[in-house]
Amino acid sequence: METIRKELVGKMDESKKVLIIIPAYNEGDNIEKVVDNLITNFPQYDYVIVNDGSTDHTRKVCRERGYEVLHLPINMGIGGAVQTGYRYARDNDYEIAVQIDGDGQHDVGFLAQMIQSMQKEQADCVIGSRFVEKEGFQSSGVRRIGIKFLSVLGWILTGVKVKDITSGYRLVNRRFINIFAEDYPTDYPEPEAMVITAVHKGKIIEYPVVMRDRENGTSSITLKKSVYYMFKVTLAMLIRRLSFGVRRQK
Amino acid sequence: MIPHTLQVTLSIAVICYFIIILYYLKKKMLELKYTLIWLVAGVIMGIMIYFPELLVWFVGQLGIESNMNGLYILCIAFIMMILMTLTSIVSRQQLKIRILVQELSMMEKRIRELEHDTEERTDDRESV
């Protein structure tokens with residue numbers, strides 16, 4: 001038993017341990033396709049689904065298929081779910097954590113190149129970006145203006161340019177796994193997480209990816225919520241930047 | 001300044017106020033930590049019933065001409081302060097719940113896997 005275990009550990013050390021975090025809230029219709037694709041085509045990566053207190057058959061699907069899954073007993077919002085993944089990555093000594101959406105928007109095929117460019121450029125965080133090459137699903141016009149605004153705001157606050165600041169497709173190294181495990185924004189976390197990364201002086205690069213439009217279900221951000229979204233995210237980014245202001249001087 | 005009858009009524013009210021707080025404390029329905037601010041408020045109310053001049057003086061110091069307006073402003077300020085404390089308590093608890101839920105989910109996964117392993121092992125033994 002002990003030798004098998006050592007062998008396993010030895011094998012894992014060869015390639016960098018990579019964990020894919022898949023937050024899922026009522027994604028019963030999508031999750032199977034996403035995870036089966038991962039298991040068959042990308043067995044080199046570990047994955048963990050974070051079932052964020054879903055009320056649909058997500059739990060059942062996970063049990064029947066025997067997926068690696070963390071069930072949150074109550075709904076914590078996307079930020080709380082993703083953070084669970086980072087905690088899991090920290091506690092299980094993963095070197096790299098990747099977050100993708102549970103709805104199949106993000107193509108894991110890009111991951112190998114993203115990891116490569118992370119190592120080549122010694123980056124702390126790689127964001128899969130729709131807007132570098134402008135291919136695939138580009139989101140509606142109004143939304144793009146919102147993203148542009150947040151992107152410019154992030155640039156003003158931190159001096160770091162990230163075009164696709166709301167992209168939920170990002171990977172971080174060990175250092176930021178630890179930081180995010182302790183401190184991750186609650187809802188609509190992506191732009192705020194970018195500010196956290198930047199104020200911790202992490203190197204952020206964007207890697208061009210092609211995103212698909214969602215197949216089932218709707219985006220979590222409806223038109224009605226988008227005003228609240230912009231207001232809340234703007235404020236959150238400002239406060240993040242201010243509360244790190246003193247620390248950055250050191 | 002305050003008529004005697006009113007003074008008595010108010011005193012009874014304040015006493016009831018304290019009894020309710022103490023009752024809740026005794027029943028452990030209130031955490032003492034969060035009750036201190038209410039107790040302090042009760043003490044201040046008690047003092048003001050017997051020494052209303054203090055309030056008049058204090059309101060005057062603030063530059064408020066009408067005593068009643070001054071009293072209302074003070075009350076609103078105090079209530080806002082308590083509400084802010086409550087919001088902060090709620091936020092802190094939310095953070096704690098978040099950590100609890102996350103740790104719980106990880107523990108649940110470990111138990112699930114352990115149970116699975118044990119089942120397999122017993123199955124193996126039975127088949128042997």
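**Exercise 1. Is the crossing of H4(A) and H7(A) left-handed or right-handed?**

The structure is a predicted model, in which local features need pLDDT of at least 70, side-chain atom pairs count only at pLDDT 80 or more, and totals for chains, interfaces and linings use all residues. Residues are numbered from 1 along each chain as its sequence is written, while chains are lettered from A and ligands numbered from 1 in the order in which they are written.

Step 1. Helices (H or I, at least four residues) and strands (E, at least two) are DSSP runs, numbered from the N terminus.

Step 2. The axes of H4(A) and H7(A) are 8 Å apart, and the packing angle is about 130°. Axes are lines fitted to C-alpha atoms, for helices over the stretch in contact, and angles run from 0 to 180 degrees between N-to-C directions. H4(A) is therefore oblique to H7(A) (under 35 degrees is roughly parallel, over 145 roughly antiparallel, 65 to 115 roughly perpendicular, the rest oblique).

Step 3. The crossing is left-handed, meaning that the near helix is turned anticlockwise from the far one by less than a right angle; clockwise would be right-handed.

**Exercise 2. Identify the residues through which H4(A) meets H7(A)**.

Step 1. Two residues are in contact if their C-beta atoms, placed from the backbone, lie within 7 Å.

Step 2. H4(A) contributes A:Gln83, A:Tyr86, A:Arg87, A:Ala89 and A:Arg90, which meet A:Ile177, A:Asn178, A:Phe180 and A:Ala181 of H7(A).

Step 3. This contact comprises five nonpolar, two polar and two charged residues (Ala, Val, Leu, Ile, Met, Phe, Trp, Tyr, Cys and Pro count as nonpolar, Asp, Glu, Lys and Arg as charged, and the others, Gly among them, as polar).

**Exercise 3. Determine the strand order of the sheet in chain A and its edges**.

Step 1. The open sheet has seven strands in the order E3-E2-E1-E4-E6-E5-E7, with mixed pairing; two strands pair if DSSP finds at least two bridges between them.

Step 2. E3 (69-72) and E7 (204-208) of chain A are at the edges with a single partner strand each, so one side of each lacks a neighbour in the sheet.

Step 3. Six bridges join E1 (residues 18-24) and E2 (residues 46-52) of chain A in the parallel sense.

**Exercise 4. Describe the side of chain A that touches chain B**.

Step 1. Twelve residues of chain A contact eight residues of chain B.

Step 2. H4(A) gives the most to this side of chain A, with six residues.
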